[in-house]
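Here is a friendly walk through a fold, strand by strand. Have the structure open and follow along.

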Amino acid sequence: MATIPPERSPKPGLNIYGCAAVNPIKLTIAAEELGVPYNYICLNMGAGETKAEWYESINPNGRVPAIVHVKEDGTSVTVFESAACLLYMASEFDKDYKLLYPIGTPEYWTQLSWLSWQVAGYGPMMGEANHYNRYSSESVPYGVWRSTSECRRLNHVLDKRLSASPFVAGDRLTIADIAVFIFAYSAKWCGIDIDQYPHVKAWRDKVAQRPGFQRGLQVPVPYKMYDEAVSNPDPDEQVFYRMIRKNGGRMIKEASDRWQGDVVSVPSDHASD
């Protein structure tokens with residue numbers, strides 16, 4: 001196993017490995033809401049640090065976030081993928097059920113259903129729309145149409161839910177809200193007009209004002225992909241977003257080029273042409 005560099009080694013307590021990206025923010029918000037001290041290790045994606053052998057010993061998928069919890073007895077627990085990290089943090093640190101319904105209750109399973117909905121559908125599709133609308137190195141009309149249309153459907157589902165419930169999983173804030181929030185907060189960057197979903201917008205704006213959310217959005221740097229910021233017409237401000245799109249598109253293409261290959265054919269190919 002590769003040795004973790006000293007400056008990247010986990011310290012006693014909760015360690016969050018992340019960078020300035022949407023999924024790690026879920027964990028900083030959760031930690032702030034719970035009042036849990038944490039050590040944030042900011043990885044350099046541009047330098048390929050998430051693909052370093054030492055980091056893949058923490059997260060085999062080479063993505064962020066991941067956590068390492070070094071306990072008082074010297075043992076440690078490593079968890080990767082944002083939903084698993086949220087569940088671990090809530091089960092380990094949320095003894096008063098601030099962000100978690102008690103395990104086994106009907107409300108717990110509702111919460112888990114919406115958390116799964118986020119990681120299986122809402123997050124990935126908002127990410128796909130974000131890619132085709134903002135980062136793709138070439139125009140892909142079908143990709144834009146398909147991903148953005150599915151995002152509209154998913155936001156309709158969420159809007160309907162929030163028309164009948166004050167929070168995503170029920171009558172109070174849970175990790176399901178935290179998981180969903182950052183994508184709704186970044187809707188315009190993904191190509192979605194949140195004003196078309198008034199219940200989602202009202203919920204998003206409500207939770208965004210919570211002190212824990214505000215603090216979590218500042219780590220490792222202030223989050224700048226929210227609707228008002230990306231819409232700022234100031235040319236000096238837009239320099240940042242053009243840089244993000246250029247560099248992000250290049251990094252995505254370089255990462256994908258490594259896995260190029262032919263599509264495996266089947267007899268029914270082109271039946272929908």
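This is a predicted model: local features need pLDDT of at least 70, side-chain atom pairs count only at pLDDT 80 or more; totals for chains, interfaces and linings use all residues.

Four strands form an open sheet in the order S2-S1-S3-S4, and their pairing is mixed. S2 and strand S4 (76–80) sit at the edges with a single partner strand each, so one side of each has no neighbour in the sheet. Direction ignored, neighbouring strands here are turned by 15 degrees against each other on average.

As a reminder, strands of a sheet pair through backbone hydrogen bonds, in either a parallel or an antiparallel way.

## Strand S1 and its two partners

Now turn to strand S1, which spans residues 13–18.

On one side, S1 runs antiparallel to strand S3 (residues 66–70), and five bridges join the two. Look for Ile 16, which stands opposite Ile 67 in S3.

S1 also pairs with strand S2 (residues 38–42), this time in the parallel sense, over five bridges. Two positions are handy for finding this pairing: Leu 14 has Tyr 38 of S2 as its bridge partner, and Asn 15 has Asn 39 of S2.

## The helix that links S1 and S2

How does the chain get from S1 to S2? It passes through helix H1 (residues 22–34), making a β-α-β crossover that is right-handed. H1 lies across S1, S2 and S3, and runs at about 165 degrees to S2.

Definitions and conventions: Residues are numbered from 1 along each chain as its sequence is written. Side-chain values use heavy atoms; hydrogens and water are left out. Buried means under 20% relative accessible area, exposed over 50%, partly exposed in between (1.4 Å probe, protein chains only). Two strands pair if DSSP finds at least two bridges between them. A crossover is right-handed if, with the strands pointing away from the viewer, the path from the first strand over the helix to the second runs clockwise. Axes are lines fitted to C-alpha atoms, for helices over the stretch in contact, and angles run from 0 to 180 degrees between N-to-C directions. Contact means heavy atoms within 4.5 Å.
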